[in-house]
Amino acid sequence: MTRRHITRFTVEFGDCDPAQIVFYPNFFRWMDAAALHFFRAAGVPSWREYEAQSGILGTPLVDATARFLRPATYGDVIDVESSITEWRGKSFVLAHVIRRGDTVLVEGREVRVFARRHPDDAARIQAVDIPEAFRAWCR
């Protein structure tokens, strides 16, 4: 069974544009935050701790998309439901469905890779295979 996690946010006045609807980049910000909450709920240690244990510093984003279906506005309570829908060699797809109650507002998708510091240049990162422990946490 695929693990699912719901992260709740309240739309603040500053999240909205002059038309009083959520400025679209905020949906990406909420998806990014929901990804971290998903990992924590799955039992993944903090990225600093995980890097000390495994050398993996995190899961940088390499692609993000969203389909905007309905607007949200100041005061709305929204839920971001997150789940991993595809495992690849060094990357995975994290899907997000953003709802206000039963109404789907946004369907989003992030592709993330597992990365460590590059062995020849610590200022760069390098994609690595997904650790089995991570897959187990997220199932």
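This is a predicted model: local features need pLDDT of at least 70, side-chain atom pairs count only at pLDDT 80 or more; totals for chains, interfaces and linings use all residues.
Residues are numbered from 1 along each chain as its sequence is written, and side-chain values use heavy atoms, with hydrogens and water left out.

**Helix α1**

- The 18 residues of α1 should span 26 Å at 1.5 Å a residue, and the end C-alpha atoms are 26 Å apart, which agrees. The expected span is 1.5 Å times one less than the number of residues.
- The buried residues of α1 are N26, F27, W30, M31, A34, A35, F38, F39 and A42. Buried means under 20% relative accessible area, exposed means over 50%, and partly exposed lies in between (1.4 Å probe, protein chains only).
- An α-helix has 3.6 residues a turn, so residues three or four places apart point the same way.

**A nonpolar patch**

- Y24 sits in the loop between β1 (4-10) and α1 (25-42), and Y24 is partly exposed, with a relative accessible area of 49%.
- Together with F23 and F68, Y24 forms a nonpolar patch on the surface, with about 330 Å² of accessible area in total.
- Patches are made of residues with over 30% relative accessible area and no salt bridge; like charges are joined within 9 Å, and nonpolar side chains (Val, Leu, Ile, Met, Phe, Trp, Tyr) within 5 Å. A salt bridge is a side-chain nitrogen of Lys or Arg within 4 Å of a carboxyl oxygen of Asp or Glu.

- Seven of the 10 residues of strand β5 (residues 91-100) are buried, so β5 is largely enclosed by the rest of the structure.
- On one side, β5 pairs with β4 (residues 77-87) in the antiparallel sense over eight bridges; two strands pair if DSSP finds at least two bridges between them.
- V80 stands opposite I98 in β5, and a hairpin of three residues joins β4 to β5.
- β5 also pairs with β6 (residues 103-118), again antiparallel, over 10 bridges. Here V97 has E107 in β6 as its bridge partner.
- The hairpin of β5 and β6 has two residues between the strands, and G101 takes a positive phi near 65 degrees there.

**Cysteines**

- C16 counts as buried at 17% relative accessibility, and C138 is buried at 3%.
- The count of disulfides (pairs of cysteine sulfur atoms within 2.5 Å) comes to zero.

Note on methods:
Accessible areas come from the Shrake-Rupley method with a 1.4 Å probe; for residues, only the protein chains shown count as cover. Helices (H or I, at least four residues) and strands (E, at least two) are DSSP runs, numbered from the N terminus.
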